[in-house]
Amino acid sequence: MPAYNAQSTLYDVYQGIDKTIVDRIILVDDCSIDKTVEIAKELGIETIVHNKNLGYGANQKTCYKEALKDKDSVIVMLHPDNQYDPKLAVSLASMVASGVYDCAIASRVLLNSAWRSKMPRYKYFFNRLLTNFQNLLLKKKLSEYHSGYRAYSSHVLEKIDFESLDNDFIFDNQLLSLICYNNYSIGEISCPCKYFKDMSSISFAASIKYGLGVIGVSIGYFLAKLGFKNSIYK
């Protein structure tokens, strides 16, 4: 769980995780200014703390490096802001543990989940716009590339150089694009999503930066497939 100022939602997310199936829960706190760390420790969650705010991508890097110490595992990335239903962690992990998929995504768009969850219209519009653009250039048919709820085989993360990726929000998109580039299989499940005051959300300026980053990642992928390698697709 990559965490930043999640004190109001962490307890509910933790309670929703099926601890009879999940072997290990790791929370990495990216220098929160609230009581996220204290609550995590009270709950008995294995907690790693960044001494300064390094960014969303850097937070995930720490999560994965620690999780990869468990060999032959399935690693689920779940935000502790209670936007995604933690009960689906087992379903996501099962898709990978079965050996059918190398990666699984909880889609907020599949089967009209976005409308049922009342995703803000501007978010839905840009989600569709960017997803269609990426599907075109990556030659895939994913329902979305922007969900923060995912499961990975440890073998995938061991082989992909995620350390070289961005420390900011574009990290998620870079990682998923690299998974596509290396021809790993990706599965999707429908996931209802919550939108409320305390959920983590990036600013408008950061959203624009992310959108431009997605376009850049997609074009870089397309060019790399034509033989023009770059810093991500080597």
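A pocket is here an open set of grid points, on a 1 Å grid over the protein atoms alone, with protein on both sides within 12 Å along at least five of seven lines. In this predicted model, the second largest pocket has a volume of about 640 Å³. Its lining comprises 24 residues, of which Val-22, Arg-24, Val-74, Ile-75 and Val-76 are the closest to the centre. By residue class, the lining of this pocket divides into 19 nonpolar, 3 charged and 2 polar residues. At least two lining residues are supplied by each of helix H3, strand E4 (74–77) and helix H4 (89–97). The greatest contribution comes from H4, with 5 residues.

Helix H3 spans residues 56–67 and thus has 12 residues. From its first C-alpha to its last, H3 reaches 17 Å, close to the 16 Å expected at 1.5 Å a residue. The helix is mostly covered, with 11 of its 12 residues buried; among them are Tyr-56, Asn-59, Lys-61, Cys-63 and Glu-66.

Gln-60 also belongs to helix H3. This residue is classed as buried because its relative accessibility is 0%, the cut-off for that class being under 20%. When residues up to four places away in sequence are not counted, Gln-60 touches Pro-2, Met-77, Phe-171 and Asp-172. With Asp-172, the side chain of Gln-60 makes a side-chain polar contact at 2.7 Å. Ser-73 lies 13 residues from Gln-60 along the chain, and the C-alpha atoms of these two residues are separated by 17 Å.

How values were computed
Residues numbered from 1 in each chain as written. Predicted model: local features only at pLDDT ≥ 70, side-chain atom pairs only at ≥ 80, totals over all residues. Heavy atoms only, no water. Helix = DSSP H or I, 4+ residues; strand = E, 2+ residues; numbered from the N terminus. Expected span 1.5 Å × (residues − 1). Buried < 20%, exposed > 50% of the residue type's maximum accessible area, 1.4 Å probe, protein only. Contact = heavy atoms within 4.5 Å. Polar contact = N/O pair within 3.5 Å; in protein donor to acceptor, adjacent residues only side chain to side chain. 1 Å grid on protein atoms, 1.4 Å probe; cavity = no way out; pocket = protein on both sides within 12 Å on 5 of 7 lines; lining within 4 Å. Points joined across faces, edges and corners; volume = space filled by probe spheres on them. Nonpolar A, V, L, I, M, F, W, Y, C, P; charged D, E, K, R; others polar.
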